[in-house]
Amino acid sequence: MEIWPSVTEEDVKAAKDLLQKYPLLCRRIEVYSQKENLSPKENMRLIEDKRKKAEIEAGFKLILDDQVKRILEYRYIKGNKHKYTRIRFESSYSVSTINRRIDEGVRIIAECLKLSGLI
């Protein structure tokens, strides 16, 4: 019996889905925070989005490797496509290394999201 359940491939996929939505989460938080009168559904969405954003950022802070952090920041936090991430970092790393770094970072974030109950 595991005290901390290990991250499954489904967890990694769920984390990637949330990471891909990160720029939209940030935009919705910005827009809804500026509105004077939120509907109950908008208010619930705002609270939920703030929680997701905070947990993603907590997971991101747990990444110790600066290379992993820079690649993940470019890919998910700044919202760039995988293709552009490869192009951006190909001069420094091979494509397989870029993919390994992305996978490593996503696993760390997935673990944090799983412990928080978001996935």
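## A buried aspartate and its partner

Asp 49 has a relative accessibility of 0% and so counts as buried, in a model that is predicted. The side chain of Asp 49 meets that of Arg 28 in a salt bridge, with 2.7 Å from N to O. Because Arg 28 belongs to helix H2 and Asp 49 to helix H3, this pair ties together parts that lie 21 residues apart in sequence.

## Salt bridges within single helices

The structure holds nine salt bridges, and two further examples can be described here. In one of them, the side chains of Lys 13 and Asp 17 meet at 3.6 Å, N to O; both residues lie in helix H1, four residues apart, which is about one turn of the helix. Lys 13 counts as exposed, with 53% relative accessibility, while Asp 17, at 33%, counts as partly exposed.

In the other, Glu 57 forms a salt bridge with Lys 53, and their closest N and O atoms are 2.9 Å apart. Glu 57 and Lys 53 are four residues apart in helix H3, so about one helical turn separates them. Glu 57 is partly exposed, with a relative accessible area of 27%, and Lys 53 also counts as partly exposed, at 24% relative accessibility.

## Lysine 52 in helix H3

Lys 52 is placed in helix H3. With a relative accessible area of 18%, Lys 52 is buried, because the cut-off for that class is under 20%. When residues up to four places away in sequence are not counted, Lys 52 touches Leu 18, Leu 25 and Leu 118.

## Helix H6 and what covers it

Helix H6 runs over residues 95-116, and its 22 residues should span 32 Å at 1.5 Å a residue; the end C-alpha atoms are 32 Å apart, which agrees with that expectation. After H6 comes Gly 117, which has a positive phi near 90°.

Among the buried residues of H6 are Thr 97, Arg 101, Gly 105 and Cys 112. The cover over the buried residues of this helix includes helices H1, H3, H4 and H5.

## The largest nonpolar core

In soluble globular proteins, nonpolar side chains tend to be buried together. The largest nonpolar core here has 22 residues, of which Ile 56, Leu 72, Ile 102, Val 106 and Ile 109 touch the most other members. Helices H1, H2, H3, H4 and H6 each supply at least two residues of this core, and H6 gives the most, with six.

Ile 56 is in contact with Leu 18, Leu 19, Tyr 22, Leu 25 and Leu 113, leaving aside its neighbours within four places in sequence.

Definitions and conventions: Residues are numbered from 1 along each chain as its sequence is written. This is a predicted model: local features need pLDDT of at least 70, side-chain atom pairs count only at pLDDT 80 or more; totals for chains, interfaces and linings use all residues. Side-chain values use heavy atoms; hydrogens and water are left out. The expected span of a helix is 1.5 Å times one less than its number of residues. Buried means under 20% relative accessible area, exposed over 50%, partly exposed in between (1.4 Å probe, protein chains only). Contact means heavy atoms within 4.5 Å. A nonpolar core is a set of buried Ala, Val, Leu, Ile, Met, Phe, Trp, Tyr and Cys residues joined through side-chain atoms within 4.5 Å. A salt bridge is a side-chain nitrogen of Lys or Arg within 4 Å of a carboxyl oxygen of Asp or Glu.
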